[in-house]
Amino acid sequence: MTPPLAGAATNRRKFLGLTGLSAAAVAGGGLLSACGEGGGSKGAADDTSKVSGVLPAQGKLPDGIPQPDIMSTRPIPDGYNKYPSNLVDLIADKPGSSGKEITAMTPAWGPAPPGLGQNAYLAAINDELGVPINFSIQDGLTYADKLNAMLGARDVPELLCVPQWEVEKLPRFADAVKVLFEDLTDHLSGDKVNAYPMLSSFPTGAWQNALWNQRLMAVPNPTDGPFPWALFYRKDLLDAKGLTYPKSIDELLSIGKQVTDTKAGVWAFSDIFAMIQMFHKSPASETGWRLKADGTPEHKYETPEFKAALEVMARIYKEGLVHPDLAASKGGDMKKLMESGRIMFMQDGIGGWQGMQAQQQKVTPGFNLQPVPIFSATGGDPLVWGDDKPISYTFIKKGASKERIEELLKVINWCSAPFGSKEWHTREYGVEGKHHTMTPDGPVKTDLGFKEIANQYFFISGRSPVVQPWPETPKYVPDLLTYSNAMVKFMETNPWDGIKLEFPATYKSQTVPYEDKITDIVRGRRPLTEFDGLINEWKSAGGGNEARDFLAKARSDAGK
Amino acid sequence: MSTEAPAAAGTSDELARSPDPAEPPRKRRRPRVPLRARLRRDWPLLLMTAPAALLLLVFHYLPTLGNVVAFQDYNPYAGDGPLSAFLASEWIGFGNFNDLFGDPAFWDALWNTLTITVFQLVFFFPIPIALAILLNSVISGKLRAFIQTIVYLPHFFSWVLVVTFFVQMLGGAGLLAQELRQAGIEPPAIMTNPDTFIVLVTAESVWKDAGWGMIVFLAALAMIDPNLYEQSAVDGAGRWRRLWHVTLPGLRPVIVLLLILRLGDALSVGFEQFLLQRDAVGRDAAEVLDTFVYYQSITTGNFGFGAAAGLFKAAVGLVLILAANKVAHMIGERGLISKQ
């Protein structure tokens with residue numbers, strides 16, 4: 001299972017609601033090419049480290065941006081405990097000059113914000129930009145479906161945001177990029193990026209991921225958190241029972257049993273299979289691969305670690321520790337159950353943390369959401385899944401004039417101003433008095449702010465990532481960074497780092513069918529004894545061996 | 001089906017039909033009216049049909065041409081534009097069908113779909129009829145309107161809502177389960193049991209759509225001449241006799257019509273309902289053709305494969321409709337397509 005979200009921005013709490021749906025839909029490419037005549041690709045690997053010549057020069061953050069309070073180990077961003085009192089005005093000229101409306105498509109989770117003409121926030125930012133952007137906001141949960149249809153019809157807006165976790169699902173995406181979008185290499189490579197100083201502050205690693213067919217095709221939105229999953233728990237509720245967070249699988253199970261009180265309508269867990277795999281040190285790089293000691297690639301299905309995790313998760317279901325609503329339908333709302341204390345632990349992205357804490361502490365005094373530090377089920381150091389791929393990419397539609405591309409890049413540049421600047425503040429919080437009020441500790445969004453601001457301009461570009469402070473949750477920044485910096489030490493290294501992989505079609509299309517069968521085992525619908533046979537079948541019919549050869553070749557081609 | 005020239009078809013078949021079925025109808029052609037004259041005569045009718053015809057053309061017939069990708073290794077990015085992608089994509093003949101029929105998952109999905117169709121034909125299809133007859137016997141107009149409104153209502157709920165409602169009522173943490181637990185009984189797994197899934201989805205469908213399906217039958221019941229009831233009552237027929245000899249024969253044409261339509265749809269049993277509950281009971285129980293196409297084609301962008309599955313579905317549907325129509329004619333019903 002590939003987590004759909006590589007790094008969630010801390011304030012994008014709606015992000016992780018999508019995991020249930022899209023994790024099930026992680027598949028791509030063709031079909032049973034084993035049958036010979038059908039369509040589908042054999043996969044493609046693109047070594048992005050060979051083409052460093054086209055990457056933009058790495059610039060510094062502009063002068064006047066305050067120093068962070070907490071320094072982090074990359075790829076964890078630095079953090080601020082206090083909102084800066086003096087904001088720097090970084091961009092004097094309005095980026096837009098033509099007056100010609102820009103069309104853009106971006107994702108949003110939850111209710112869609114009002115559109116152009118009914119949205120004071122859009123009006124304010126468009127005024128700053130000097131050129132109006134007209135957004136088509138699409139539901140983040142079904143964004144890939146929309147993208148698939150849109151790309152297939154070759155009907156794209158001028159600026160298109162494509163999230164990283166959707167890229168993995170889009171078949172022939174490299175072809176689509178070549179046909180549909182402008183090559184930005186001549187505008188951004190080397191020192192040329194200095195015309196867009198905010199973009200030059202992006203980390204080089206993010207740019208590397210924006211290469212397709214050895215050319216710079218998009219502006220990346222650098223990640224501000226590399227971890228796909230965390231196991232959150234209700235610290236306030238466990239404290240009240242005199243319990244502490246688990247440090248081993250046995251403790252996890254025994255705490256799970258202690259807190260499950262079906263008569264009171266309380267269960268311990270959501271579906272925490274990804275976390276159980278992580279505790280068992282099952283690999284996750286590039287959809288679950290690692291290298292054996294002899295250098296051959298090995299998928300998690302073939303490892304004893306995964307099998308052990310499977311057994312534990314099947315036991316958790318069997319003992320009835322997962323809330324039945326979550327077991328019964330995709331419509332079950334894990335977050336609601338967590339908020340109301342009807343589950344004690346949930347597997348979620350980090351992105352949901354701050355939002356839930358800020359909202360729920362108003363409803364439930366003492367509400368305290370904390371992540372369980374990741375432990376190893378078998379002793380020794382834990383393994384933490386994560387990567388530093390960007391959150392999303394912004395593409396420019398093919399066929400624009402040179403002047404238009406420059407105007408669009410200037411707009412993207414404005415939207416990419418870092419934390420501590422006036423531009424960032426306006427982009428994030430809108431107009432003072434309308435969308436936010438200033439407190440001594442920083443801006444607090446009003447109801448109108450929550451309604452109208454849905455990261456529209458955030459998904460136009462990105463920013464040099466930092467963890468920003470929130471007046472409502474003063475402990476959040478130190479909590480998050482203490483956890484993240486402790487965990488990043490154990491982050492899995494990706495043997496295919498720097499290689500852009502498009503897996504063979506059979507492997508992609510067989511992902512869901514085999515995941516389904518494994519889910520059957522987890523849920524007790526299939527006996528565990530069938531697992532070995534299933535994996536043997538997966539190696540041939542499921543494209544496992546083909547993917548292994550493909551991955552081995554990708555590494556040797558890249559000289560690794 | 002009409003064997004006459006299109007010019008005469010659909011004008012006055014009823015009148016042209018021979019009154020005595022024993023005597024074969026004479027082959028005759030009515031005098032041809034010139035096209036211009038017919039246009040002058042019929043233009044208001046044509047004008048009224050135009051919007052609907054345009055809709056059909058743009059949203060049904062034109063997209064139908066896209067089915068050609070079923071025979072291609074379709075690459076939407078080949079060629080210079082969306083249309084030339086059709087021409088530039090490689091022609092692989094029946095390659096997609098080959099893959100489709102070679103995929104055991106496809107046969108599983110087909111089997112599930114057919115099982116659910118048959119099950120619902122037996123346990124869902126008669127319910128609206130029974131409901132309509134029951135409701136028809138309610139004398140008070142106010143009460144009848146009230147009941148009608150209530151049983152129609154769930155039709156307008158989305159599947160997400162219906163499934164959520166069932167989870168809240170019958171799920172492991174739902175009303176029923178919690179009541180049972182309070183009473184010290186361990187509740188059965190209703191929502192997550194793959195063996196009884198077919199009953200569950202049928203129950204959901206009944207709850208959602210039985211009231212809606214009743215409308216047509218209520219209309220048909222209203223068409224039955226009340227004199228027939230009175231006469232048979234005078235002749236000494238009791239309630240059941242009247243039901244058997246008056247009501248049901250009166251409903252028969254509609255029942256047959258709807259049955260044929262349902263058969264044509266035999267390979268569609270719904271999509272969202274199954275997508276939502278798939279994880280709860282597993283793919284083996286919940287994979288139907290439509291979810292199969294969604295996972296194997298839409299989410300993977302493998303449009304050729306999906307189009308092949310869609311074509312197969314359409315072909316089977318057509319065969320079923322024609323066969324059912326034939327059977328209807330054989331048992332003396334008018335069926336979907338009138339016989340000459």
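**A mixed sheet, a chain contact and a helix crossing**

In the predicted model, A:Ala230 stands opposite A:Asp348 of strand E12(A). Local features are reported at pLDDT of at least 70 and side-chain atom pairs count only at pLDDT 80 or more, whereas totals for chains, interfaces and linings use all residues of this predicted model. Residues are numbered from 1 along each chain as its sequence is written, and chains are lettered from A and ligands numbered from 1 in the order in which they are written.

Strand E8 (residues 230–234) and strand E12 (residues 343–348) of chain A pair in the antiparallel sense over 4 bridges. Pairing requires that DSSP finds at least two bridges between two strands; helices (H or I, at least four residues) and strands (E, at least two) are DSSP runs, numbered from the N terminus. Both strands belong to an open sheet of 4 strands in chain A, with the order E9-E12-E8-E13 and mixed pairing. Strands E9 (267–269) and E13 (369–371) of chain A stand at the edges with a single partner strand each, so one side of each is left without a neighbour in the sheet. On average, neighbouring strands of this sheet are turned by 25 degrees against each other, direction ignored.

The contact between the chains takes 47 residues from chain A and 45 residues from chain B, with residues in contact if their C-beta atoms, placed from the backbone, lie within 7 Å. On the side of chain A that touches chain B, at least two residues each are supplied by helices H3 (143–152), H5 (173–180), H14 (324–328), H21 (505–509) and H22 (511–522) of chain A. This side of chain A divides into 18 nonpolar, 15 polar and 14 charged residues (Ala, Val, Leu, Ile, Met, Phe, Trp, Tyr, Cys and Pro count as nonpolar, Asp, Glu, Lys and Arg as charged, and the others, Gly among them, as polar).

The secondary structure of chain B comes to 16 helices and 2 strands. Within chain B, the axes of helix H6 (residues 126–136) and helix H10 (residues 197–223) come within 7 Å and cross at roughly 60 degrees; axes are lines fitted to C-alpha atoms, for helices over the stretch in contact, and angles run from 0 to 180 degrees between N-to-C directions. H6(B) is therefore oblique to H10(B) (angles under 35 degrees count as roughly parallel, over 145 as roughly antiparallel, 65 to 115 as roughly perpendicular and the rest as oblique). Residues of the contact of H6(B) with H10(B) divide into 12 nonpolar, 2 polar and no charged.

Methods: Contact = placed C-beta atoms within 7 Å.
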